[in-house]
Amino acid sequence: MRWDNLTGDGEAAAPALFAADAVTTRTFDSPEFRGITFHEIRARSIVNRVPGASRMPFEWTVNPYRGCTHACVYCFARKTHSYLDLDTGHDFDSQVVVKVNAPELLRRELAAPRWRGEHIAMGTNVDCYQRAEGRYRLMPGILGALIERANSFSILTKGTLILRDLELLRRAAHVTDVGVSVSVGFTDRTLWRTVEPGTPSPERRLDAVRTLSEHGVPCGVLMAPVIPFLGDSPEQLRATVRAIAEAGATSVTPLVLHLRPGAREWFTAWLTRHHPRLLKRYDALYDGGSYAPKWYQRRITGMVHDLATEYGIGPYTPGTHRAVPDSPGPGPEEGYPHGPAQLSLM
């Protein structure tokens with residue numbers, strides 16, 4: 001595995017993110033981590049600047065993990081594992097890098113004179129509330145550092161484990177702008193079991209949306225990915241938007257599946273096993289590159305926005321996640337089933 005000369009976002013450059021002698025490799029016998037190898041490292045930086053050519057609507061990110069046990073076959077972050085001389089398929093799902101010093105490093109970087117308090121996005125490469133977070137508990141320290149500096153941030157997740165940090169999110173929203181979104185691209189359970197095998201079910205994710213909203217943390221839904229020919233029929237879109245509305249989401253924003261190198265090969269292998277009849281249709285739809293054609297994206301976006309209007313919700317608008325009310329809501333239900341946790345959700 002290649003560790004040296006790696007920046008926080010996976011591009012070859014100097015100085016290195018961490019040195020080879022700073023890596024500890026662990027495995028755990030518990031059923032939820034069987035077959036997973038964790039590489040614990042002490043990172044040299046944690047606040048990463050998004051490349052200028054990126055299509056992402058933010059400039060700075062924090063990613064405490066690399067690799068993801070969600071094992072979503074379409075995840076665009078798969079390519080980043082190739083920078084570690086790991087494959088973008090099985091290794092991405094089972095070889096997880098853990099930046100164990102992320103909270104202390106973030107606290108130091110936020111206090112540096114050069115830091116201007118810009119917005120920080122999390123969950124945009126791999127999920128910060130994936131299964132490993134239940135063991136390593138990096139997010140409470142990360143949220144604490146952001147709260148201390150009243151630094152605005154947003155979180156995108158598929159993980160119901162975010163409910164563990166509900167009170168920290170409430171505290172943060174009293175002192176700064178906080179955005180929380182959960183990714184739910186479809187409600188089809190058969191599709192979920194094969195394409196997102198390591199994630200909580202869509203129903204549980206929507207339960208998390210409901211719980212966050214009921215406890216004063218407004219939560220939107222990134223309806224992503226909308227998967228062509230498998231999750232894009234009018235009936236499927238309606239069922240998904242209706243479920244999102246019933247969960248109390250403040251917004252719904254659709255995003256069509258995109259297939260970058262690394263993810264495309266793994267997704268195509270999955271498609272060959274499960275839906276071989278669709279291979280030619282995908283070749284035609286994605287013939288122009290990683291993204292579905294504009295006409296298709298506009299059609300899906302228009303249908304979802306019309307349904308959202310019908311059900312009384314809409315796309316994300318600035319200020320949707322401004323702050324929680326002063327009066328605290330009831331505490332989270334005891335025993336809520338916390339499970340394994342893009343924008344690496346696509």
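# Exercises: rings, helices and loops

Thr-80 sits in the loop between β5 (65–66) and α1 (90–94); helices (H or I, at least four residues) and strands (E, at least two) are DSSP runs, numbered from the N terminus. We're working with a predicted model, where local features need pLDDT of at least 70, side-chain atom pairs count only at pLDDT 80 or more, and totals for chains, interfaces and linings use all residues. Residues are numbered from 1 along each chain as its sequence is written, and side-chain values use heavy atoms, with hydrogens and water left out.

**Exercise 1.** Work out whether Thr-80 is buried or exposed, and find what Thr-80 touches.

Step 1: Recall the cut-offs: buried is under 20% relative accessible area, exposed is over 50%, and partly exposed is in between (1.4 Å probe, protein chains only). The relative accessible area of Thr-80 is 10%, so Thr-80 is buried.

Step 2: Look for contacts, meaning heavy atoms within 4.5 Å. Skipping residues up to four places away in sequence, Thr-80 touches Arg-66, Phe-92 and Asn-125.

**Exercise 2.** Classify the ring pair Phe-28 and Phe-38, then say which parts of the chain it ties together.

Step 1: Rings of Phe, Tyr and Trp (its six-membered ring) pair if their centres lie within 6.5 Å; planes under 30 degrees apart are stacked, over 60 edge-to-face, and the rest tilted. The structure has eleven such aromatic pairs.

Step 2: Apply the rule. The centres of Phe-28 and Phe-38 are 5.5 Å apart and the planes are at 50 degrees, so this pair is tilted.

Step 3: Place the residues. Phe-28 is in the loop between β1 (24–27) and β2 (37–41) while Phe-38 is in strand β2, so the pair ties together parts ten residues apart in sequence. Both Phe-28 and Phe-38 are buried.

Step 4: Check for a charge over the ring, which takes NZ of Lys or CZ of Arg within 6 Å of the ring centre and within 35 degrees of the ring normal. Arg-135 has its charged end over the ring of Phe-28, 3.8 Å from the centre.

**Exercise 3.** Find which residues form an aromatic cluster with Phe-267, and see what Leu-230 contacts.

Step 1: The cluster consists of Phe-229, Phe-267, Trp-270, Tyr-282 and Tyr-286. Phe-267 and Tyr-282 are both buried.

Step 2: Move on to Leu-230, in the loop between β10 (220–226) and α8 (234–246). Its relative accessible area is 11%, so Leu-230 is buried.

Step 3: List the contacts of Leu-230, leaving aside neighbours within four places in sequence: Leu-191, Gln-236, Trp-270, Leu-271, His-275, Leu-278 and Tyr-282.

**Exercise 4.** Describe how helices α4 and α5 pack.

Step 1: Axes are lines fitted to C-alpha atoms, for helices over the stretch in contact, and angles run from 0 to 180 degrees between N-to-C directions. Helix α4 (residues 139–148) and helix α5 (residues 166–175) pack at about 15 degrees, with axes 10 Å apart.

Step 2: Angles under 35 degrees count as roughly parallel, over 145 as roughly antiparallel, 65 to 115 as roughly perpendicular and the rest as oblique. So α4 and α5 are roughly parallel to each other.

Step 3: Pro-140, Leu-143 and Ile-147 of α4 make the contact with Leu-168, Leu-169, Arg-171, Ala-172 and Val-175 of α5.
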